[in-house]
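User: I would like to go through this entry by question and answer. Please show the sequence and the structure before we start.

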Amino acid sequence: MTREILNARRLLCPLPVIRTQDKVKQMQTGDQLEVICTDPGVMQDIPTWCRINGHTVLELLSGDHEYTVILEVGGA
């Protein structure tokens, strides 16, 4: 298992979700991805994308105008 970080700061919807999708395609089942954003919409958009695509949201964090979603890549 690896854990990678995706910097999606200063990107507006739908770009954080698109960048997350592109990154997850390069990862293996069980890997974790930490997505750091400045668009508060990701707190709903990425978890919804995860549910649709079989990935698991492990943690949602917010503070200092940044929003972080930590997800585990599923085998869908």
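User: Which residue has a side chain that meets the side chain of R3 in a salt bridge?

Analyst: This is a predicted model, in which local features need pLDDT of at least 70 and side-chain atom pairs count only at pLDDT 80 or more, while totals for chains, interfaces and linings use all residues. Residues are numbered from 1 along each chain as its sequence is written, and side-chain values use heavy atoms, with hydrogens and water left out. A salt bridge here is a side-chain nitrogen of Lys or Arg within 4 Å of a carboxyl oxygen of Asp or Glu. At 3.2 Å, N to O, the side chain of R3 meets that of E34.

User: How many residues apart in sequence are the parts that R3 and E34 tie together?

Analyst: Helices (H or I, at least four residues) and strands (E, at least two) are DSSP runs, numbered from the N terminus. R3 lies in strand β1 and E34 in strand β2, so the pair ties together parts whose separation in sequence is 31 residues.

User: Is E34 buried or exposed?

Analyst: Buried means under 20% relative accessible area, exposed over 50%, and partly exposed in between, with a 1.4 Å probe and protein chains only. E34 has 18% relative accessibility, so E34 counts as buried.

User: What separates the C-alpha atoms of R3 and I70?

Analyst: Contact means heavy atoms within 4.5 Å. Leaving aside neighbours within four places in sequence, R3 is in contact with Q32, E34 and I70. R3 and I70 are 67 residues apart along the chain, and their C-alpha atoms are separated by 9.4 Å.

User: Which residue forms a salt bridge with K23?

Analyst: The structure holds three salt bridges. In one of them the closest N and O atoms are 2.6 Å apart, and K23 pairs with E4. This pair links distant parts of the chain, 19 residues apart, with K23 in helix α1 and E4 in strand β1.

User: Where does R9, the salt-bridge partner of E66, lie?

Analyst: The side chains of E66 and R9 meet at 2.6 Å, N to O. Both are partly exposed: E66 has 27% relative accessibility, and R9 has a relative accessible area of 27%. The two are 57 residues apart, with E66 in strand β4 and R9 in the loop between β1 and α1.

User: Over how many bridges do β3 and β4 pair?

Analyst: Two strands pair if DSSP finds at least two bridges between them. Strand β2 (residues 32-37) pairs with β4 in the antiparallel sense over six bridges. Strand β3 (residues 56-63) also pairs with β4 in the antiparallel sense, and the number of bridges is seven.

User: Which residue in β4 is the bridge partner of C37?

Analyst: Strand β4 covers residues 66-72, and five of its seven residues are buried. One of its residues stands opposite S62. The β4 residue opposite S62 is Y67, and the bridge partner of C37 is Y67.

User: Which residue in the turn between β3 and β4 has a positive phi?

Analyst: β3 and β4 form a hairpin with two residues between them. The positive phi, about 50 degrees, belongs to D64.

User: The backbone nitrogen of which residue lies 2.9 Å from a polar atom of the side chain of H55?

Analyst: H55 is found in the loop between α2 and β3, and at 12% relative accessibility it counts as buried. Beyond four places in sequence, H55 touches V24, W49, C50, L71, E72, V73 and G74. The backbone nitrogen at 2.9 Å is that of G74.

How values were computed
A polar contact is a pair of N or O atoms within 3.5 Å; within protein, one must be able to donate a hydrogen and the other to accept it, and residues adjacent in sequence count only if both atoms are side-chain atoms.
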